[in-house]
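Me: Can you walk me through this one? I'm new to it.

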Amino acid sequence: MRRRTPLWLLIPAAAVLLPLFVYPIYQLGLLSVLDFRQAQVSGGQPTRFVGLDNYLTLLRDGKFWSVLLATVGFAAACVAATLAVGAALAVLLTRVSRWPGYALSLAAMAAWAAPAITGSTVWMFLFDANLGLVNQVLGLDGHNWTYDRYSTFALVGAAVVWHSFPFVMVTLYAGIRAIPEQMLEAAALDGASHWRSFWQIVVPMIRPLLVIVVIQSIIWDFKVFTQIYVMTGGGGIAGQNLTLNVYAYQQAFAASEYGLGSAIGVVMMLILLVVTLLYLRALRRGGEPL
């Protein structure tokens, strides 16, 4: 009975959360197997069941594969940068004195609290070709940062990292502060450098937290929409900066291919589910506690 007690305690939360997840996923999956376009929305034509036709259309679409590859590369770079920045600042936060620590925490919380659309607009203003502060400081008057595909992805990625690193920083900072000081002091007495102590003591101790922030970062960065849509004007010049989320939006709402857009959404969900399960499986095989 005691073993089942935690499960009983989860029932109230599950009763609220499951309908919020299950019903939208059911509707998304249902639309993905239907021929559902503007004609069906307006009632001009009946809705038809097409099975896997929408998915087959995606598999035959070269643009879908190029957008998928770009999304994976962009998300991987954002996750790596977010973890690096968040971890570095978490360690820094444990080393600085009180008031610099307060200032750093306040700045990070401000970035975290800013709505994505507001932050994206501010970043675009800073990098504006004619009035942007960055161009004025660097002496690059008239330089368009969103003309080249890779510089655009880098600019959007910087905005994504700026908005995401506070979660990593706060989470890892809490984990580092929970490590007993005696362990770090003993390592120092044994002649271990700060770098070696970090990798051999701190990282293993906070690995469960690293699992959380990695999975969360993968999910958030893979399905980035606002920053891409706002900063590239809907996907960049000739769609050179499209990601799957923006591509699904274009198919569903711009082209009125709601079934095809839903199929892209299902593919994204399955990819994230597989990545998360593979990551957790790899950790379990390595004997890491979760």
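Me: What counts as a pocket here?
Reply: On a 1 Å grid over the protein atoms alone, a pocket is an open set of points where a 1.4 Å probe fits, with protein on both sides within 12 Å along at least five of seven lines. Lining residues have an atom within 4 Å of a point.

Me: What kind of model is this?
Reply: This is a predicted model: local features need pLDDT of at least 70, side-chain atom pairs count only at pLDDT 80 or more, and totals for chains, interfaces and linings use all residues. Residues are numbered from 1 along each chain as its sequence is written, and side-chain values use heavy atoms, with hydrogens and water left out.

Me: How many residues line the largest pocket?
Reply: The lining has 20 residues. T94, R95, L184, H194 and V202 lie nearest the centre.

Me: Which elements give two or more of them?
Reply: α4 (62-95), α8 (149-177), α9 (181-189) and α10 (194-205) do. Helices here are DSSP runs (H or I, at least four residues), numbered from the N terminus. The largest share, six residues, comes from α4.

Me: What about the second largest pocket, what lines it?
Reply: L20, F21, P24, I25, I219, K223, M269, L272, L273 and T276 line the second largest pocket. α1 (5-32) and α14 (258-285) each give two or more residues to that lining.

Me: New topic. How many residues are in the largest nonpolar core?
Reply: It has 34. Such a core is a set of buried Ala, Val, Leu, Ile, Met, Phe, Trp, Tyr and Cys residues joined through side-chain atoms within 4.5 Å. Buried means under 20% relative accessible area, exposed over 50%, and partly exposed in between (1.4 Å probe, protein chains only). L58, F64, F74, F222, I228 and L244 have the most contacts inside this core.

Me: What does F222 touch?
Reply: Leaving aside neighbours within four places in sequence, F222 is in contact (heavy atoms within 4.5 Å) with L68, T71, V72, A75, S217, L244, M268, I271 and L272. Apart from this core lies another, of 20 residues, among them F165, I179, F198 and I206.

Me: Where is A238?
Reply: A238 is in the loop between α12 and α13. Its phi is positive, about 55°, although A238 is not a glycine.

Me: Is A238 buried or exposed?
Reply: A238 counts as exposed, at 80% relative accessibility.

Me: And S256, buried or exposed?
Reply: S256 is buried, with a relative accessible area of 17%. S256 sits in the loop between α13 and α14, and its phi is also positive, near 60°.
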